[in-house]
Amino acid sequence: MSSTFHDKSNAFLKEEYRSNWHDKALWYVREKRDNEMSDVPDWEKLRTAASRIKAHTLTHLDAYLLDFEAAAAANGVRVHWAKDAVEHNRVIYEILKGYEVTKVVKSKSMLTEECELNPYLEARGVEVIDTDLGERIIQLKGEPPSHIVLPAIHITKEEVSEIFHSAWGTQQGNSDPKYLTLAARASLREDFMTSGAAITGVNFAIAETGEVVVCTNEGNADLGTHIHPLQIHSMGIEKLIPRRTDLGVFTRLLARSATGQPITVYTSHFQRPKPGGEMHIVIVDNGRSRRLGEETFWSSLKCIRCGACINTCPIYRRSGGHSYGHTIPGPIGSILAPATDLRRYSQLPFASTLCGSCSEVCPVQIDIHNQLYRWRQVAVAQGQVSGLKSRMMRIAGKILANPRWYRRFMSMMRWGMKWLPASWLHHRWNAWAKGRSMPQIKTKNDE
Amino acid sequence: MSDSRDHIINRIRKALKGRAPVPLPLLEVSRTEPSLERFETALAKAGARYQRLADAGAALQYMKGLHPGESRWISCLPEQREGLDLAEGMDIKTLFPLEWAMVKGRFGVEENGAIWIEGGDLPHRMIPFMCETLAVVLDARQLVADMGQAYERIRGVRYDYGCFIAGPSKTADIEQTLVTGAQGPKALWVLVVG
């Protein structure tokens, strides 16, 4: 097993300046979200409506998927189905091969990250250019995204300057964000011109009309899809909503929750292929139908990938997205990841204080902190917690359950904390005393 | 391919067995009257520039006045189809660089400054995205208060392609510093007429 969440977040915290900066950057986004939210009088009503629409769709998902397929086909769109990541990648490769495409532009899609589409295509001679600026930065750096909406949030402008300098020969040491953004614009324009097809993710798919909706701020999804005859949209089965009018709820919630904007700059609705063009939609399961069957955890499929829970999470802000080791980090990632591989991700449900802020900001009212708690129980039941920890917890449980033992234990602890030398309390087994002193304890005699 | 479809649909049906279906909620559409003043405020916040003009002809003159001597421009308004020529079947890439383009906005949304454009009003879907400056001409009476009203308005409309545009292209991917003109237009003019 590679290094754990614990080790990686410890390493992240070692650079104090950087972790403080990361914490502040995300809190700033959270505050912007709060400001925007307070301008919408019916905010809570919207959250409830969004949550119910998603719950309704998920409990009728088979019917809505078939409706969607029929409507899309009637629009002249080619619909493909993929059971898993491998099939998704193969379907896309086959489409591209049919057109002899050797270079493709891709706008942001967490699904293609999940399926590891880029390495799959590159191994088969298809160059992939990520066109979202944040994604382009990390692609050039050779890293995965550390956040689902702000993929390069962990990178400083000085680092971006170095990355662009070595990739494109921009001025050394010039780390002005405007200068760097315009350099990326020029380079990406070239990529739009020289590629042969576009791939996008999907924010919403509408069963009634067979259209897909893609939200961006940069306009990269539109530049890519419109410049080429061939456009491909990849979507998970959970992206569906029944009616176009449901977007009246979701478009009011998404960008406000994500980045504190009233709406993304572009909310693009793709219903039919462009004249003379071809439009493909790939519908992907990859474990989602299994999650739908889980009594406790199915509602995590309501997620619209806004990232609000990530921005607000005190653990994420001080650990960085890469510590999670999963495509989707933060609270939502910590309830999605264990469903895919409990052994590998068993630590993630414990990377939380269970403060509940994530559930509080979630625009579709997923009870994230409750699910984190429930995943802990699953992890313990399946023996995915270290022997020491589970023994300690069993002992603590016995003590807390018995008032007499509890009182005796507490008086022992009080005595110990008052009279034992500090070195007895500050040792590697006592996590409470790492980097801080233990509190002063009053015994009855002091009162 | 249809094997996978059946496989997925069957798995979903199995997963949903015994799950209580949740009813689809009715959507409440607000009755708020839109106001042009608040729309202007939202436009300013979205980083768009705003100008009140008499009609589409005046709008075209206004844009020409902002770009004297410029030849790389196109007006896609049905009543003012002017500028660069876009022949049928022509490779859209040959239209680069496009300094400015003018398109028709169907209606505006007061709460966020978004304007709805439709593919059928454009000679090519690429035009509003490939230009350096985009001008959207909007009839002052065509306003809705919020996104709920906006989607009510396009309920049942078949548009092939449609987009809400709220301000010029933007990014804050480098250290959360807002930069306009990320990849699409660097400036957006909203020219309200009538």
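This is a predicted model: local features need pLDDT of at least 70, side-chain atom pairs count only at pLDDT 80 or more; totals for chains, interfaces and linings use all residues.
Q: What is the phi of A:Arg305?
A: Most residues other than glycine have a negative phi. A:Arg305 is a residue other than glycine, yet its phi is positive. The value is near 60°.

Q: Does A:Arg305 count as buried, exposed or partly exposed?
A: A residue needs 20 or more other C-beta atoms within 10 Å to be buried, and is exposed with 12 or fewer. A:Arg305 has 19 C-beta neighbours inside 10 Å, so the residue counts as partly exposed.

Q: Where in chain A is A:Gln365, and what is its phi?
A: A:Gln365 is placed in the loop between α18 (357-361) and α19 (368-381) of chain A. With 18 C-beta neighbours inside 10 Å, A:Gln365 counts as partly exposed. Its phi is positive although the residue is not glycine, with a value near 55°.

Q: At what angle do α16(A) and α19(A) pack?
A: Two packed helices are described by the angle between their axes and the distance between the axes. For helix α16 (residues 330-340) of chain A and α19(A), the axes are 9 Å apart and the angle is about 40°. That makes α16(A) oblique to α19(A). The crossing is left-handed, and the angle asked for is about 40°.

Q: Which residues of α19(A) meet α16(A)?
A: On the α16(A) side, the residues taking part are A:Pro331, A:Ile332, A:Ser334, A:Ile335 and A:Pro338. Their partners in α19(A) are A:Ile368, A:Gln371, A:Leu372 and A:Trp375.

Q: How far apart are the axes of α8 and α9 of chain A?
A: Helix α8 (residues 133-141) and helix α9 (residues 157-168) of chain A pack at an angle of about 65°. That makes α8(A) roughly perpendicular to α9(A). The crossing of α8(A) and α9(A) is left-handed. The axes are 10 Å apart.

Q: Which residues of α9(A) meet α8(A)?
A: From α8(A), the residues concerned are A:Ile137, A:Leu140 and A:Lys141. In α9(A) they meet A:Val160, A:Ile163 and A:Ala167.

Q: Why does A:Pro145 count as buried?
A: A:Pro145 is found in the loop between α8 and α9 of chain A. The cut-off for a buried residue is 20 or more other C-beta atoms within 10 Å. A:Pro145 counts as buried because its C-beta neighbours inside 10 Å number 26.

Q: Which residues does A:Pro145 touch, not counting those up to four places away in sequence?
A: A:Pro145 and A:Glu135 are ten residues apart in sequence, and their C-alpha atoms are 7.0 Å apart in space. A:Glu135 is one of the residues touched. With that limit on sequence distance, the list is A:Glu113, A:Glu135, A:Ile138 and A:Pro151.

Q: What distance separates the C-alpha atoms of A:Gly236 and A:Gly287?
A: A:Gly236 is placed in strand β7 (residues 230-236) of chain A and is buried, with 24 other C-beta atoms within 10 Å. Not counting residues up to four places away in sequence, A:Gly236 touches A:Leu111, A:Val284 and A:Arg288. A:Gly236 and A:Gly287 are 51 residues apart along the chain, and the distance between their C-alpha atoms is 9.9 Å.

Q: What is the radius of gyration of chain A?
A: Chain A has 22 helices and ten strands, and its C-alpha atoms fill a box of roughly 85 × 55 × 45 Å along the principal axes. A compact globule of 447 residues would have a radius of gyration near 22 Å. The value for chain A agrees with this, at 24 Å.

Q: What is the radius of gyration of chain B?
A: Chain B has five helices and twelve strands. For 194 residues, a compact globule would come to a radius of gyration near 16 Å. Chain B, however, has 21 Å.

Q: Which peptide bond of chain B is cis?
A: Most peptide bonds are trans. B:Pro97 lies in the loop between β3 (80-83) and β4 (98-104) of chain B. With omega near -15°, the cis bond is the one from B:Phe96 to B:Pro97.

Note on methods:
Residues are numbered from 1 along each chain as its sequence is written. Chains are lettered from A and ligands numbered from 1 in the order in which they are written. Helices (H or I, at least four residues) and strands (E, at least two) are DSSP runs, numbered from the N terminus. The radius of gyration is taken over C-alpha atoms; the globule rule is 2.2 Å times the number of residues to the power 0.38. Axes are lines fitted to C-alpha atoms, for helices over the stretch in contact, and angles run from 0 to 180 degrees between N-to-C directions. Angles under 35 degrees count as roughly parallel, over 145 as roughly antiparallel, 65 to 115 as roughly perpendicular and the rest as oblique. A crossing is left-handed if the near helix is turned anticlockwise from the far one by less than a right angle, and right-handed if clockwise. Two residues are in contact if their C-beta atoms, placed from the backbone, lie within 7 Å.
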